[in-house]
Amino acid sequence: MMAQSKPVRVWVDGCFDMMHYGHANALRQAKAMGDILVVGVHSDAEIEKNKGPTVMKEEERYAAVAACKWVDQVVPNAPYNTTVEILKEHNIDFCVHGDDITTMADGTDCYQAVKDAGLYRECKRTEGVSTTELVGRMLLMTRDHHNRRRPSVKEEEIIDTTTLTPFSKSGSNVTTISHFLPTSRRIVQFSEGKEPKQTDKVVYVDGTFDLFHVGHIEFLKRAKALGDFLIVGVHEDQTVNAIKGANYPLMNLHERALSVLACRYVDEVIIGAPYSVTKELLKGEYKVAVVAHGNSDLEKDMDGKDPYALPKELGIYTEIDTPNSTITTEGIITRIIENRKIFEERQRRKNQKAALERQKEAEEKKLKSQN
């Protein structure tokens with residue numbers, strides 16, 4: 001009888017501030033390299049010292065990582081400098097990081113020790129998304145923008161960019177609409193591809209899920225508890241823009257759909273779901289038994305009607321209590337706007353650090369090509 005091989009334990013660490021689909025894709029790739037994925041998340045104090053202030057508090061970041069379906073274990077307060085000792089402490093076989101250099105406050109490579117020990121592997125970084133980019137998008141919103149409901153107004157008329165420092169790699173302080181378009185392969189990679197059993201109770205919820213955060217996670221966890229198979233409808237950009245206002249959504253439909261797909265409570269996503277629940281949606285491929293919505297304020301559809309009128313009429317509608325302490329997308333944006341100067345300085349520091357890291361990266365690639 002053959003002895004069973006020991007499961008391969010993989011380590012990934014990071015800030016995971018405003019957890020997005022780029023983070024999720026790195027975790028997905030790392031998990032594919034082994035059997036058990038252990039994720040170390042740095043504390044607020046460690047990040048402040050090496051990188052600048054975080055948008056999300058450490059407890060929020062720990063919860064966001066724990067909700068990712070590829071993560072098996074979260075290690076809070078992980079050191080910013082990844083050591084051989086921390087890997088040994090958690091019985092790790094090797095550490096995985098993206099194909100870009102991350103440095104300490106003093107400019108040294110955070111992963112040099114594990115690289116020297118032969119315990120380092122790389123995964124491909126997801127282009128076009130970063131926490132710095134998302135903070136930049138929010139810095140370009142005005143303080144009173146949330147009260148606006150005039151989608152016909154041009155973006156240039158409601159955003160004052162004159163006092164902003166550049167936040168993008170190109171040094172531009174002009175926000176652009178994200179043109180991220182995933183391939184069908186990427187959507188398949190994020191999707192479980194599982195079907196509900198005939199006996200499964202199918203639950204449907206929908207929303208914008210912009211800047212996917214712990215408030216969304218808690219809502220989806222409670223929605224999943226109402227049945228066996230959770231389908232999430234994600235509204236298209238034009239619909240969100242028309243109903244919420246000219247700066248929304250901050251992330252485009254495909255960015256938002258991938259963030260939802262990465263959540264462990266979600267079984268299936270409808271990309272570009274109608275804002276109002278329809279008969280076709282309820283009786284289509286999946287027979288929906290429960291339609292749920294949070295107990296927050298409900299925005300009416302473009303025609304002024306209740307988007308949940310049909311499920312209410314059919315007696316399958318229910319409301320989910322969401323805790324008052326739970327963060328919202330607007331709450332995150334308010335954090336940025338109210339601390340604008342702090343986060344502008346963070347962007348400036350981050351850009352300087354990124355330039356040094358790119359230089360270090362180029363030097364390392366040059367050395368590798370010479371060997």
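Author: Helix α3 (residues 58–66) gives the largest share of the lining of the second largest cavity, 3 residues. Helices (H or I, at least four residues) and strands (E, at least two) are DSSP runs, numbered from the N terminus. The model is predicted: local features need pLDDT of at least 70, side-chain atom pairs count only at pLDDT 80 or more, and totals for chains, interfaces and linings use all residues. Residues are numbered from 1 along each chain as its sequence is written, and side-chain values use heavy atoms, with hydrogens and water left out.

Reader: What makes a space a cavity and not a pocket?

Author: On a 1 Å grid over the protein atoms alone, a cavity is a set of points where a 1.4 Å probe fits but cannot get out, whereas a pocket is an open set with protein on both sides within 12 Å along at least five of seven lines. Lining residues have an atom within 4 Å of a point. For the second largest cavity there are 13 of them, and Met-18, Met-19, Met-56, Phe-212 and His-213 lie nearest its centre.

Reader: How many cavities of 30 Å³ or more does a search of the whole structure find?

Author: The search finds 3. A volume here is the space filled by probe spheres set on the points, with grid points joined across faces, edges and corners.

Reader: How is the lining of the largest cavity divided by class?

Author: It has 10 nonpolar, 2 polar and no charged residues. Ala, Val, Leu, Ile, Met, Phe, Trp, Tyr, Cys and Pro count as nonpolar, Asp, Glu, Lys and Arg as charged, and the others, Gly among them, as polar. Among the lining residues are His-20 and Ser-259, which are therefore polar by this rule. The lining of the second largest cavity has 9 nonpolar, 1 polar and 3 charged residues.

Reader: What makes a set of residues a nonpolar core?

Author: Its members are buried Ala, Val, Leu, Ile, Met, Phe, Trp, Tyr and Cys residues joined through side-chain atoms within 4.5 Å. The largest such core has 63 residues, and those with the most contacts inside it are Leu-27, Leu-211, Leu-220 and Val-232. A second, separate core of 16 residues includes Cys-15, Val-75, Tyr-80 and Leu-87.

Reader: Why is the pair Lys-6 and Asp-93 called a salt bridge?

Author: A salt bridge is a side-chain nitrogen of Lys or Arg within 4 Å of a carboxyl oxygen of Asp or Glu. The closest N and O atoms of Lys-6 and Asp-93 are 3.2 Å apart, so the pair qualifies. Lys-6 lies in the segment before β1 (9–14) and Asp-93 in the loop between α4 (84–89) and β4 (94–98), so the pair ties together parts that are 87 residues apart in sequence.

Reader: Is Lys-31 buried or exposed?

Author: Buried means under 20% relative accessible area, exposed over 50%, and partly exposed in between (1.4 Å probe, protein chains only). Lys-31 has 19% relative accessibility, so it counts as buried. Asp-72, at 42%, counts as partly exposed. The side chains of Lys-31 and Asp-72 meet in a salt bridge (3.0 Å, N to O).

Reader: How do you know that Lys-6 is exposed?

Author: Its relative accessible area is 53%, which is over 50% and therefore exposed.
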